[in-house]
Number of protein chains: 2
Amino acid sequence: MKIKSALEFSHELLSETVNTGDTVVDCTMGNGHDTLFLTDLVGKKGTVYGFDIQGEAVENTKALLKSNHVQTKNVYLYNISHAKVDEILPYETMISGAIFNLGYLPGGDKTIVTYPETTIAAIKGCLNHLCHNGVVVVVAYYGHPGGEREKNTVLEFGSQLDQKQYSVLKYSFLNQKHFPPILMAIQRID
Amino acid sequence: MKIKSALEFSHELLSETVNTGDTVVDCTMGNGHDTLFLTDLVGKKGTVYGFDIQGEAVENTKALLKSNHVQTKNVYLYNISHAKVDEILPYETMISGAIFNLGYLPGGDKTIVTYPETTIAAIKGCLNHLCHNGVVVVVAYYGHPGGEREKNTVLEFGSQLDQKQYSVLKYSFLNQKHFPPILMAIQRID
(Lines give C-alpha, C1' and ligand atoms only; values in the text may rest on other atoms or scores of the structure.)
Protein backbone atom coordinates (compact mmCIF):
# COMPACT_ATOMS: atom_id res chain seq x y z
CA MET A 1 0.00 0.00 0.00
CA LYS A 2 1.21 3.50 -0.81
CA ILE A 3 2.04 5.82 2.07
CA LYS A 4 -0.91 8.18 2.38
CA SER A 5 -0.72 11.62 0.80
CA ALA A 6 -1.30 14.63 3.06
CA LEU A 7 -4.88 14.78 1.78
CA GLU A 8 -5.53 11.08 2.46
CA PHE A 9 -3.90 11.37 5.88
CA SER A 10 -6.13 14.37 6.74
CA HIS A 11 -9.12 12.07 6.25
CA GLU A 12 -7.53 9.32 8.34
CA LEU A 13 -6.99 11.74 11.24
CA LEU A 14 -10.55 13.08 11.05
CA SER A 15 -12.00 9.57 10.79
CA GLU A 16 -10.15 8.55 13.93
CA THR A 17 -11.30 11.59 15.86
CA VAL A 18 -14.78 12.58 14.72
CA ASN A 19 -17.79 10.56 15.81
CA THR A 20 -21.39 10.35 14.68
CA GLY A 21 -23.37 13.27 16.07
CA ASP A 22 -20.38 15.60 16.43
CA THR A 23 -20.07 19.17 15.20
CA VAL A 24 -17.26 19.86 12.71
CA VAL A 25 -16.05 22.68 10.47
CA ASP A 26 -14.79 22.86 6.89
CA CYS A 27 -12.88 26.14 6.82
CA THR A 28 -12.20 26.05 3.07
CA MET A 29 -15.11 24.43 1.23
CA GLY A 30 -13.54 24.67 -2.22
CA ASN A 31 -15.36 22.16 -4.38
CA GLY A 32 -17.01 20.58 -1.36
CA HIS A 33 -15.19 17.26 -1.17
CA ASP A 34 -14.20 17.68 2.47
CA THR A 35 -17.63 19.05 3.39
CA LEU A 36 -19.18 15.94 1.90
CA PHE A 37 -16.67 13.77 3.75
CA LEU A 38 -17.50 15.54 7.03
CA THR A 39 -21.28 15.12 6.58
CA ASP A 40 -20.62 11.42 6.17
CA LEU A 41 -18.49 11.27 9.35
CA VAL A 42 -20.99 13.05 11.61
CA GLY A 43 -24.11 11.54 10.05
CA LYS A 44 -27.66 12.88 10.20
CA LYS A 45 -27.43 13.81 13.87
CA GLY A 46 -24.20 15.72 13.45
CA THR A 47 -23.63 19.32 12.39
CA VAL A 48 -21.30 20.70 9.73
CA TYR A 49 -20.29 24.33 9.29
CA GLY A 50 -18.66 25.34 6.02
CA PHE A 51 -16.83 28.55 5.07
CA ASP A 52 -15.53 29.96 1.81
CA ILE A 53 -14.93 33.49 0.56
CA GLN A 54 -15.94 32.52 -2.97
CA GLY A 55 -19.61 32.18 -3.89
CA GLU A 56 -18.59 29.69 -6.56
CA ALA A 57 -17.22 27.40 -3.84
CA VAL A 58 -20.45 27.55 -1.86
CA GLU A 59 -22.47 26.75 -4.98
CA ASN A 60 -20.13 23.88 -5.91
CA THR A 61 -20.42 22.47 -2.41
CA LYS A 62 -24.21 22.73 -2.34
CA ALA A 63 -24.37 20.96 -5.71
CA LEU A 64 -22.04 18.20 -4.54
CA LEU A 65 -24.05 17.60 -1.37
CA LYS A 66 -27.27 17.55 -3.38
CA SER A 67 -25.94 15.08 -5.95
CA ASN A 68 -24.87 12.85 -3.06
CA HIS A 69 -28.33 13.10 -1.45
CA VAL A 70 -26.96 14.59 1.77
CA GLN A 71 -29.62 15.77 4.24
CA THR A 72 -28.59 19.38 4.75
CA LYS A 73 -30.76 20.24 7.73
CA ASN A 74 -27.71 20.54 9.99
CA VAL A 75 -25.28 21.73 7.33
CA TYR A 76 -24.57 25.48 7.47
CA LEU A 77 -22.61 26.92 4.57
CA TYR A 78 -21.32 30.51 4.76
CA ASN A 79 -20.01 32.65 1.94
CA ILE A 80 -17.73 34.59 4.28
CA SER A 81 -14.12 34.41 5.45
CA HIS A 82 -13.20 31.54 7.74
CA ALA A 83 -11.69 34.24 9.97
CA LYS A 84 -15.28 34.68 11.20
CA VAL A 85 -15.61 31.10 12.43
CA ASP A 86 -15.45 32.08 16.10
CA GLU A 87 -18.26 34.64 15.60
CA ILE A 88 -20.46 32.26 13.64
CA LEU A 89 -20.21 29.21 15.88
CA PRO A 90 -22.56 29.42 18.86
CA TYR A 91 -20.56 30.36 21.95
CA GLU A 92 -20.81 27.01 23.73
CA THR A 93 -20.56 24.80 20.64
CA MET A 94 -17.68 22.36 20.82
CA ILE A 95 -16.20 20.83 17.68
CA SER A 96 -14.25 17.58 17.34
CA GLY A 97 -12.71 18.40 13.98
CA ALA A 98 -11.90 21.16 11.52
CA ILE A 99 -10.22 21.01 8.12
CA PHE A 100 -8.37 23.61 6.08
CA ASN A 101 -7.11 23.25 2.52
CA LEU A 102 -4.91 26.28 1.99
CA GLY A 103 -4.25 27.70 -1.47
CA TYR A 104 -6.61 28.47 -4.32
CA LEU A 105 -9.89 26.89 -5.45
CA PRO A 106 -8.98 23.94 -7.72
CA GLY A 107 -10.33 24.79 -11.17
CA GLY A 108 -11.18 28.33 -10.05
CA ASP A 109 -9.50 31.73 -10.05
CA LYS A 110 -5.88 31.09 -9.02
CA THR A 111 -5.42 34.67 -7.88
CA ILE A 112 -7.95 34.22 -5.08
CA VAL A 113 -6.03 32.46 -2.33
CA THR A 114 -6.05 32.04 1.42
CA TYR A 115 -3.80 34.39 3.38
CA PRO A 116 -1.70 33.85 6.51
CA GLU A 117 -3.42 36.47 8.68
CA THR A 118 -6.98 35.26 8.09
CA THR A 119 -5.88 31.61 8.16
CA ILE A 120 -4.29 32.05 11.61
CA ALA A 121 -7.41 33.92 12.81
CA ALA A 122 -9.51 31.01 11.58
CA ILE A 123 -7.30 28.38 13.22
CA LYS A 124 -7.47 30.31 16.50
CA GLY A 125 -11.25 30.52 16.11
CA CYS A 126 -11.46 26.75 15.72
CA LEU A 127 -9.16 26.15 18.71
CA ASN A 128 -11.55 28.23 20.86
CA HIS A 129 -14.21 25.58 20.21
CA LEU A 130 -12.07 22.46 20.06
CA CYS A 131 -13.01 19.63 22.43
CA HIS A 132 -10.58 17.29 24.20
CA ASN A 133 -8.87 15.07 21.61
CA GLY A 134 -10.42 17.13 18.80
CA VAL A 135 -8.19 17.98 15.82
CA VAL A 136 -7.71 20.97 13.55
CA VAL A 137 -6.14 19.65 10.36
CA VAL A 138 -4.44 22.02 7.92
CA VAL A 139 -3.39 20.83 4.46
CA ALA A 140 -1.25 23.53 2.87
CA TYR A 141 -0.67 23.72 -0.86
CA TYR A 142 2.15 26.20 -1.32
CA GLY A 143 3.36 26.15 -4.93
CA HIS A 144 1.60 29.45 -5.71
CA PRO A 145 2.90 32.98 -4.98
CA GLY A 146 2.59 33.62 -1.24
CA GLY A 147 2.02 29.93 -0.51
CA GLU A 148 5.43 29.40 1.03
CA ARG A 149 4.93 32.33 3.42
CA GLU A 150 1.50 31.07 4.44
CA LYS A 151 2.82 27.55 5.05
CA ASN A 152 5.69 28.88 7.18
CA THR A 153 3.35 31.15 9.17
CA VAL A 154 1.06 28.23 9.92
CA LEU A 155 3.94 25.94 10.96
CA GLU A 156 5.42 28.70 13.14
CA PHE A 157 2.03 29.18 14.81
CA GLY A 158 1.77 25.44 15.48
CA SER A 159 5.32 25.28 16.85
CA GLN A 160 4.48 27.95 19.42
CA LEU A 161 1.41 26.27 20.89
CA ASP A 162 1.70 25.15 24.51
CA GLN A 163 2.59 21.45 24.59
CA LYS A 164 0.48 21.03 27.73
CA GLN A 165 -2.60 22.07 25.75
CA TYR A 166 -1.90 20.83 22.25
CA SER A 167 0.00 18.19 20.37
CA VAL A 168 1.07 19.47 16.95
CA LEU A 169 1.99 17.02 14.20
CA LYS A 170 3.69 17.81 10.90
CA TYR A 171 3.37 15.30 8.05
CA SER A 172 5.40 16.09 4.95
CA PHE A 173 7.31 14.54 2.07
CA LEU A 174 11.00 15.37 1.97
CA ASN A 175 12.21 14.54 -1.53
CA GLN A 176 9.48 15.92 -3.79
CA LYS A 177 10.31 18.76 -6.14
CA HIS A 178 6.81 19.89 -7.02
CA PHE A 179 5.47 21.19 -3.70
CA PRO A 180 3.21 18.34 -2.62
CA PRO A 181 0.97 19.66 0.17
CA ILE A 182 2.12 19.39 3.77
CA LEU A 183 -0.18 18.61 6.67
CA MET A 184 -0.22 20.05 10.16
CA ALA A 185 -2.62 18.68 12.76
CA ILE A 186 -3.32 20.31 16.12
CA GLN A 187 -4.88 18.02 18.72
CA ARG A 188 -6.22 19.35 21.98
CA ILE A 189 -4.85 17.24 24.82
CA ASP A 190 -5.77 19.18 27.98
CA MET B 1 -8.24 9.00 19.80
CA LYS B 2 -4.77 10.41 20.32
CA ILE B 3 -2.67 11.20 17.24
CA LYS B 4 -0.19 8.33 16.96
CA SER B 5 3.33 8.77 18.32
CA ALA B 6 6.23 8.19 15.91
CA LEU B 7 6.63 4.71 17.39
CA GLU B 8 2.94 3.86 16.97
CA PHE B 9 2.93 5.29 13.47
CA SER B 10 5.97 3.15 12.54
CA HIS B 11 3.88 0.09 13.35
CA GLU B 12 0.93 1.42 11.34
CA LEU B 13 3.15 1.89 8.27
CA LEU B 14 4.67 -1.58 8.59
CA SER B 15 1.24 -3.18 9.15
CA GLU B 16 -0.03 -1.56 5.96
CA THR B 17 2.96 -2.70 3.92
CA VAL B 18 4.17 -6.05 5.22
CA ASN B 19 2.24 -9.21 4.43
CA THR B 20 2.27 -12.76 5.76
CA GLY B 21 5.19 -14.68 4.30
CA ASP B 22 7.35 -11.61 3.64
CA THR B 23 10.96 -11.06 4.65
CA VAL B 24 11.67 -8.08 6.92
CA VAL B 25 14.54 -6.60 8.92
CA ASP B 26 14.87 -5.13 12.40
CA CYS B 27 18.05 -3.07 12.17
CA THR B 28 18.14 -2.17 15.86
CA MET B 29 16.77 -5.01 17.96
CA GLY B 30 17.13 -3.23 21.28
CA ASN B 31 14.85 -5.02 23.70
CA GLY B 32 13.17 -6.92 20.88
CA HIS B 33 9.76 -5.26 20.78
CA ASP B 34 9.94 -4.49 17.06
CA THR B 35 11.40 -7.91 16.27
CA LEU B 36 8.44 -9.49 18.05
CA PHE B 37 6.05 -7.20 16.16
CA LEU B 38 7.68 -8.16 12.84
CA THR B 39 7.47 -11.91 13.55
CA ASP B 40 3.77 -11.40 14.14
CA LEU B 41 3.33 -9.48 10.85
CA VAL B 42 5.11 -12.02 8.64
CA GLY B 43 3.84 -15.12 10.44
CA LYS B 44 5.34 -18.61 10.46
CA LYS B 45 6.05 -18.56 6.72
CA GLY B 46 7.81 -15.21 6.84
CA THR B 47 11.44 -14.43 7.64
CA VAL B 48 12.85 -11.89 10.08
CA TYR B 49 16.45 -10.68 10.25
CA GLY B 50 17.56 -8.80 13.34
CA PHE B 51 20.73 -6.81 13.99
CA ASP B 52 22.28 -5.24 17.07
CA ILE B 53 25.85 -4.41 18.06
CA GLN B 54 25.11 -5.24 21.71
CA GLY B 55 25.03 -8.85 22.86
CA GLU B 56 22.64 -7.77 25.60
CA ALA B 57 20.12 -6.68 22.95
CA VAL B 58 20.31 -10.01 21.16
CA GLU B 59 19.78 -11.86 24.43
CA ASN B 60 16.86 -9.61 25.41
CA THR B 61 15.28 -10.17 22.01
CA LYS B 62 15.71 -13.94 22.16
CA ALA B 63 14.15 -13.97 25.62
CA LEU B 64 11.20 -11.84 24.50
CA LEU B 65 10.52 -14.06 21.49
CA LYS B 66 10.75 -17.15 23.69
CA SER B 67 8.37 -15.78 26.32
CA ASN B 68 5.91 -15.01 23.51
CA HIS B 69 6.26 -18.54 22.09
CA VAL B 70 7.48 -17.32 18.72
CA GLN B 71 8.65 -20.05 16.34
CA THR B 72 12.17 -18.90 15.55
CA LYS B 73 12.97 -21.22 12.65
CA ASN B 74 12.99 -18.30 10.21
CA VAL B 75 14.21 -15.64 12.64
CA TYR B 76 17.91 -14.79 12.25
CA LEU B 77 19.42 -12.59 14.93
CA TYR B 78 22.92 -11.16 14.45
CA ASN B 79 25.17 -9.58 17.06
CA ILE B 80 26.85 -7.38 14.47
CA SER B 81 26.44 -3.86 13.11
CA HIS B 82 23.40 -3.21 10.93
CA ALA B 83 25.90 -1.72 8.45
CA LYS B 84 26.44 -5.36 7.43
CA VAL B 85 22.81 -5.92 6.43
CA ASP B 86 23.57 -5.94 2.72
CA GLU B 87 26.28 -8.60 3.22
CA ILE B 88 24.12 -10.78 5.45
CA LEU B 89 20.93 -10.82 3.38
CA PRO B 90 21.10 -13.34 0.53
CA TYR B 91 21.79 -11.50 -2.72
CA GLU B 92 18.34 -11.98 -4.26
CA THR B 93 16.30 -11.65 -1.06
CA MET B 94 13.72 -8.89 -1.28
CA ILE B 95 12.30 -7.28 1.85
CA SER B 96 8.98 -5.45 2.27
CA GLY B 97 9.92 -3.67 5.48
CA ALA B 98 12.76 -2.60 7.72
CA ILE B 99 12.73 -0.73 11.00
CA PHE B 100 15.37 1.35 12.79
CA ASN B 101 15.14 2.82 16.28
CA LEU B 102 18.09 5.17 16.49
CA GLY B 103 19.66 6.12 19.81
CA TYR B 104 20.71 3.95 22.74
CA LEU B 105 19.36 0.71 24.15
CA PRO B 106 16.52 1.60 26.55
CA GLY B 107 17.61 0.51 30.00
CA GLY B 108 21.13 -0.23 28.72
CA ASP B 109 24.45 1.58 28.41
CA LYS B 110 23.58 5.09 27.23
CA THR B 111 27.05 5.65 25.84
CA ILE B 112 26.56 2.92 23.23
CA VAL B 113 24.54 4.59 20.49
CA THR B 114 23.92 4.33 16.77
CA TYR B 115 26.05 6.57 14.55
CA PRO B 116 25.22 8.45 11.33
CA GLU B 117 27.78 6.69 9.13
CA THR B 118 26.80 3.14 10.00
CA THR B 119 23.10 4.08 10.09
CA ILE B 120 23.26 5.45 6.53
CA ALA B 121 25.20 2.36 5.40
CA ALA B 122 22.49 0.19 6.93
CA ILE B 123 19.65 2.19 5.32
CA LYS B 124 21.40 1.90 1.95
CA GLY B 125 21.82 -1.83 2.53
CA CYS B 126 18.08 -2.17 3.17
CA LEU B 127 17.21 -0.10 0.09
CA ASN B 128 19.27 -2.52 -2.03
CA HIS B 129 16.81 -5.26 -1.08
CA LEU B 130 13.58 -3.25 -0.87
CA CYS B 131 10.68 -4.46 -3.00
CA HIS B 132 8.13 -2.23 -4.77
CA ASN B 133 5.98 -0.47 -2.14
CA GLY B 134 8.27 -1.75 0.61
CA VAL B 135 9.18 0.69 3.41
CA VAL B 136 12.25 1.44 5.47
CA VAL B 137 11.06 3.15 8.63
CA VAL B 138 13.48 5.09 10.81
CA VAL B 139 12.44 6.28 14.27
CA ALA B 140 15.12 8.65 15.56
CA TYR B 141 15.51 9.46 19.25
CA TYR B 142 17.86 12.38 19.39
CA GLY B 143 17.96 13.84 22.90
CA HIS B 144 21.39 12.28 23.59
CA PRO B 145 24.80 13.69 22.57
CA GLY B 146 25.25 13.19 18.83
CA GLY B 147 21.56 12.40 18.34
CA GLU B 148 20.77 15.68 16.64
CA ARG B 149 23.57 15.17 14.12
CA GLU B 150 22.44 11.63 13.40
CA LYS B 151 18.81 12.76 12.91
CA ASN B 152 19.88 15.53 10.55
CA THR B 153 22.14 13.19 8.56
CA VAL B 154 19.28 10.73 8.13
CA LEU B 155 16.82 13.45 7.06
CA GLU B 156 19.36 14.90 4.63
CA PHE B 157 19.92 11.44 3.14
CA GLY B 158 16.16 10.98 2.70
CA SER B 159 15.76 14.43 1.15
CA GLN B 160 18.31 13.54 -1.53
CA LEU B 161 16.69 10.32 -2.71
CA ASP B 162 15.35 10.34 -6.26
CA GLN B 163 11.62 11.05 -6.19
CA LYS B 164 11.12 8.72 -9.15
CA GLN B 165 12.43 5.83 -7.06
CA TYR B 166 11.36 6.70 -3.55
CA SER B 167 8.73 8.59 -1.61
CA VAL B 168 10.15 9.93 1.66
CA LEU B 169 7.81 10.90 4.50
CA LYS B 170 8.72 12.84 7.63
CA TYR B 171 6.38 12.57 10.63
CA SER B 172 7.26 14.81 13.57
CA PHE B 173 5.79 16.82 16.41
CA LEU B 174 6.45 20.54 16.25
CA ASN B 175 5.77 21.91 19.71
CA GLN B 176 7.41 19.40 22.03
CA LYS B 177 10.34 20.48 24.16
CA HIS B 178 11.69 17.10 25.17
CA PHE B 179 12.85 15.63 21.87
CA PRO B 180 10.06 13.17 21.10
CA PRO B 181 11.31 10.83 18.35
CA ILE B 182 10.78 11.76 14.73
CA LEU B 183 9.93 9.27 12.02
CA MET B 184 11.19 9.07 8.46
CA ALA B 185 9.78 6.46 6.09
CA ILE B 186 11.24 5.63 2.68
CA GLN B 187 8.89 3.80 0.32
CA ARG B 188 10.12 2.32 -2.94
CA ILE B 189 7.78 3.42 -5.71
CA ASP B 190 9.57 2.39 -8.93
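This briefing looks at how chain B meets chain A, and at how some strands of chain B pair up. Keep in mind that the model is predicted. Between them, chain B and chain A bury about 2900 Å². One link across the two chains is strand pairing: E6 of chain A and E6(B) run antiparallel, with five bridges.

**The interface in numbers**

- On each side of the meeting point you'll find 35 residues: 35 of chain B are in contact with 35 of chain A.
- Of the area that the two chains bury, 49% is on carbon and sulfur atoms.
- Within chain B, the residues that lose the most area to chain A are B:Ile3, B:Leu174 and B:Asn175, and together they make up 23% of what that side buries.

- Two salt bridges are counted between chain B and chain A.
- B:Lys4 makes a salt bridge with A:Glu16, and their closest N and O atoms are 2.8 Å apart.
- There are also 20 residue pairs in polar contact across the interface of chain B and chain A, counting pairs with both residues at pLDDT 80 or more.

**Which parts of chain B touch chain A**

- Five elements of chain B each supply at least two residues to the side that touches chain A: helix H1 (6-17), strand E5, helix H6 (147-160), and strands E6 and E7.
- E6(B) is the top contributor here, giving eight residues to that side.
- If you sort the residues on the chain B side by type, you get 16 nonpolar, twelve polar and seven charged.

**Strands that pair between the chains**

- Strand E6 covers residues 166-173 in chain A, and the E6 strand of chain B also spans residues 166-173.

**Strand E7 and its partners inside chain B**

- Now find E7 of chain B, residues 182-188: six of its seven residues are buried, so the strand is mostly covered.
- E5 (residues 130-140) of chain B is joined to E7(B) by six bridges, and the two run antiparallel.
- E6(B) is joined to E7(B) by six bridges too, again in the antiparallel sense.
- B:Ala185 in E7(B) is a handy landmark: this residue is the bridge partner of B:Val137, and B:Leu169 stands opposite B:Ala185 as well.
- While you trace these strands, remember that in a regular strand the side chains alternate between the two faces of the sheet.

How values were computed:
Residues numbered from 1 in each chain as written. Chains lettered and ligands numbered in written order. Predicted model: local features only at pLDDT ≥ 70, side-chain atom pairs only at ≥ 80, totals over all residues. Heavy atoms only, no water. Buried < 20%, exposed > 50% of the residue type's maximum accessible area, 1.4 Å probe, protein only. Helix = DSSP H or I, 4+ residues; strand = E, 2+ residues; numbered from the N terminus. Pairing = 2+ DSSP bridges. Contact = heavy atoms within 4.5 Å. Buried area = accessible area lost by both parts, 1.4 Å probe. Salt bridge = Lys/Arg side-chain N within 4 Å of Asp/Glu carboxyl O. Polar contact = N/O pair within 3.5 Å; in protein donor to acceptor, adjacent residues only side chain to side chain. Nonpolar A, V, L, I, M, F, W, Y, C, P; charged D, E, K, R; others polar.
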